[in-house]
Amino acid sequence: MAGVEELKQIQASHESELFARAGVHAVGIGYKTVAGKQTDELAIVVLVERKLSSDSIDAASLIPASLDGVPTDVVERGPAELVAAGAISIDESERRPLVGGCAIAANPPPPGEPTGYAGTLGGFADWTDELGLTWPVGVSASHVLGPVDSNSKGSKVMQPPRGPQVSQVSMSVRNPDVGVDAGGFAGSVKGVAPSNTILNIGTLAGSYHLQQSDLNKQVQKSGAASKVTTGNISLINVTVPLEGGARYVEQIVVSGAFCEPGDSGSFVVMPSASVAGAYSVVGVLMAQERGAGATGGYANSIGNVEAALGLRFPASLT
């Protein structure tokens, strides 16, 4: 049976033709499902908004049963959309020290207006500047830290979302080609060091890069809107178009009632393999499956976020 690395190559060589077919909105790698039951066979999984019978689709739109000898699987799922929002119900509690899972926003909204680009502070990491000095930085989705159509460096960071200002954005990467929508800001508020705690989950001990063996494993997140939720890693190496049609590569798909608008930026975590009782971050939540209420989520792979922003987990807060 072909392994993930071989499937990645086959996926890349066929993605353009798959996205050219009507209704296709994401392509990734997961286990094939037959007659409602998951098998142990890896497949290239094609997500469509509505799954139709083969006799109701013209031949040009049919998804091949296999690609270069690897099976495909067509799965019905809503398309992805960013999950930062304005007029939403989020926890606007002030958190000092700053902790993962609390609500933040970029720039204060006008009086009486929604909370602007409200979302979630995922947690903290270390970043080393050009002088060799290491600082703790708060990490969230880039689109939480500023408008989705501009670079967000310099935006004020508010906590709670209506203020006061606690920092300003110092780094921001929004690059579909490396699969990253993430940014960061200096984490200390009035000299008080932030915390490696993630609200109602536990202590962040490091990061972990997902492998094939992690498919179906359980993960959690703590978000400003839907609080602590649990889901399962259903797909890896996912390419998904977002606003404007840009295709974000190497995303993680979490199934279940996992996130709502306002949860963007949350850290997706699983129990640490090396520190008992602690957690490792595996992704940064970016988008959700379109639908009512809590739905499945799309997260940037943490390895890509680390490389793009120059981060190391956890933050050293001594």
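Trainee: In this predicted model, is Trp-135 buried, partly exposed or exposed?

Mentor: The relative accessibility of Trp-135 is 44%. Buried means under 20% and exposed means over 50%. The value for Trp-135 lies in between, so this residue counts as partly exposed.

Trainee: Which residues form a nonpolar patch on the surface with Trp-135?

Mentor: Trp-135 itself is found in strand 9, residues 134–140. The patch has about 350 Å² of accessible area together. Beside Trp-135, its members are Leu-131 and Leu-133.

Trainee: Which strand gives the most to the lining of the largest pocket?

Mentor: The largest pocket holds about 400 Å³ of space. Of its 19 lining residues, the closest to the centre are Lys-51, Leu-52, Ile-57, Ile-63 and Val-74. Strand 1 (24–34) and strand 4 (70–76) each supply at least two residues of this lining. The most, three residues, comes from strand 4.

Trainee: How many charged residues does the lining of the largest pocket have?

Mentor: This lining is divided by class. Nine of its residues are nonpolar and six are polar, while the charged ones number four.

Trainee: Which helices each supply at least two residues of the lining of the second largest pocket?

Mentor: About 320 Å³ of space lies in this pocket. Its lining consists of 17 residues, with Lys-8, His-209, Leu-210, Ile-236 and Ser-301 nearest the centre. Strand 16 (227–241) and strand 17 (247–259) each supply at least two lining residues. The helices that do so are helix 1 (4–19) and helix 2 (302–309).

Key. Residues are numbered from 1 along each chain as its sequence is written. This is a predicted model: local features need pLDDT of at least 70, side-chain atom pairs count only at pLDDT 80 or more; totals for chains, interfaces and linings use all residues. Side-chain values use heavy atoms; hydrogens and water are left out. On a 1 Å grid over the protein atoms alone, a cavity is a set of points where a 1.4 Å probe fits but cannot get out, and a pocket is an open set with protein on both sides within 12 Å along at least five of seven lines; lining residues have an atom within 4 Å of a point. Grid points are joined across faces, edges and corners, and a volume is the space filled by probe spheres set on the points. Helices (H or I, at least four residues) and strands (E, at least two) are DSSP runs, numbered from the N terminus. Ala, Val, Leu, Ile, Met, Phe, Trp, Tyr, Cys and Pro count as nonpolar, Asp, Glu, Lys and Arg as charged, and the others, Gly among them, as polar. Patches are made of residues with over 30% relative accessible area and no salt bridge: like charges are joined within 9 Å, nonpolar side chains (Val, Leu, Ile, Met, Phe, Trp, Tyr) within 5 Å. Accessible areas come from the Shrake-Rupley method with a 1.4 Å probe; for residues, only the protein chains shown count as cover. A salt bridge is a side-chain nitrogen of Lys or Arg within 4 Å of a carboxyl oxygen of Asp or Glu. Buried means under 20% relative accessible area, exposed over 50%, partly exposed in between (1.4 Å probe, protein chains only).
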